[in-house]
Amino acid sequence: MVYDGTINSIDNFSSILIHNIHKLSPCNIIKMLYLKTKPLHHVDTPFETATFGMGCYWGCDSLFGATKGVLRTRVGYAAGTTENPRSKHVGDHVEVIEIHFDPKEISYKQLLEMFWNNHEYRASARLKREYMSMIMYHSEEHRQQAEASKVEQQAKEGDEVVVTEIVPESHLYPAANHNQKYRLQGHEDLAKGLDLTPELLQTSHVAARLNGYLVGVGGLDQFEAEVGKLGLTEEQAQYVRNYLIQNEGGALSC
């Protein structure tokens with residue numbers, strides 16, 4: 001593999017270095033090492049979309065962010081008519097999480113199972129609209145799967161009526177920057193080291209992953225299997241590893 005001055009992905013770094021080490025100056029080697037540890041914000045993988053309302057969106061942002069097969073997440077407000085909703089003034093909108101996932105790695109049915117099993121409150125709880133249980137579908141196939149899963153959940157709930165609404169996709173108004181990847185942003189030095197912009201808080205792959213790993217989601221084995229592809233420095237990786245070990249198995253809450 002001939003080095004042409006670019007690295008398309010972290011995966012081909014080792015091959016480029018091995019085959020071209022004799023041609024590279026110390027300056028270029030240092031540059032390549034820098035590129036190897038550049039945070040993996042963008043992943044070019046075909047995806048499908050799932051959108052759920054499960055109560056407060058901070059917890060589910062971490063839950064899904066570090067789930068295998070999830071590419072990126074963002075949180076916001078949808079399914080209402082109020083223009084430009086924002087925190088404390090959401091009008092008739094619902095707090096939701098939007099998930100981009102690789103259907104080859106995780107199915108919509110599996111995401112639905114996570115949805116039902118991880119509500120901040122029960123799916124039968126009657127809450128103010130902002131925190132209600134809701135599935136927003138993005139295709140007819142997803143609608144059918146959502147409807148079937150609701151029937152199954154109702155059977156589990158017994159006499160308690162599942163109040164989850166299943167609605168077609170509508171415009172999502174992103175939440176304010178400080179609400180995106182909320183747990184990750186609590187680690188200021190780490191977040192700063194990832195060079196997160198307001199846009200990347202909504203689109204970054206590595207930000208979504210770390211937002212979950214830092215609170216114990218995903219597990220150590222999964223983290224170790226992918227950490228080499230996330231573009232972290234050794235110091236950053238060890239920092240996340242320590243928090244993952246400390247928090248694994250703990251409850252998610254807002």
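The text below goes through these topics in turn, for a model that is predicted.

In soluble globular proteins, nonpolar side chains tend to be buried together. The largest nonpolar core in this model holds 29 residues, and Phe52, Phe64, Ile99, Tyr108, Leu111 and Ile135 are those with the most contacts inside it. At least two core residues come from each of β1 (48-54), α3 (57-65), β2 (70-78), β3 (94-101), α4 (108-117) and β4 (133-137). The greatest contribution is that of α4, with six residues. Apart from this core lies another, of 17 residues, which includes Leu184, Leu210, Val227 and Leu244.

Leaving aside neighbours within four places in sequence, Ile135 is in contact with residues including Phe52, Tyr108, Leu112, Phe115, Trp116, Ala146 and Ile166. Thr51, Thr164, Glu165 and Val167 are also among its contacts.

**The strand β3**

Because eight of the eight residues of β3 are buried, this strand is largely enclosed by the rest of the structure. In a regular strand the side chains alternate between the two faces of the sheet. Both faces of β3 are covered: one side carries Val94, Val96, Glu98 and His100, the other Glu95, Ile97, Ile99 and Phe101, and all are buried.

β3 runs antiparallel to β1, to which five bridges join it; here Thr51 stands opposite Glu98. β2 and β3 are also antiparallel, joined by eight bridges, and Ala78 has Val94 as its bridge partner in β3.

**Positive phi angles**

Most residues other than glycine have a negative phi, and most peptide bonds are trans.

| Residue | Phi |
|---|---|
| Ala79 | about 75 degrees |
| Lys181 | about 50 degrees |

Ala79 is placed in the loop between β2 and β3. Lys181 is placed in the loop between β6 (173-174) and α6 (182-185). Is each of them buried or exposed? Lys181 counts as buried because its relative accessibility is 0%.

**The second largest pocket**

Rolling a probe the size of a water molecule over the atoms shows where empty space is left. The second largest pocket has a volume of about 240 Å³. It is lined by 13 residues, of which Gly59, Cys60, Asn118, Leu252 and Ser253 are the closest to its centre. The largest share of this lining, three residues, comes from α3. By type, the lining of the second largest pocket has seven nonpolar, five polar and one charged residue.

Technical notes. Residues numbered from 1 in each chain as written. Predicted model: local features only at pLDDT ≥ 70, side-chain atom pairs only at ≥ 80, totals over all residues. Heavy atoms only, no water. Core = buried A, V, L, I, M, F, W, Y, C linked by side-chain atoms within 4.5 Å. Buried < 20%, exposed > 50% of the residue type's maximum accessible area, 1.4 Å probe, protein only. Helix = DSSP H or I, 4+ residues; strand = E, 2+ residues; numbered from the N terminus. Contact = heavy atoms within 4.5 Å. 1 Å grid on protein atoms, 1.4 Å probe; cavity = no way out; pocket = protein on both sides within 12 Å on 5 of 7 lines; lining within 4 Å. Points joined across faces, edges and corners; volume = space filled by probe spheres on them. Nonpolar A, V, L, I, M, F, W, Y, C, P; charged D, E, K, R; others polar. Pairing = 2+ DSSP bridges.
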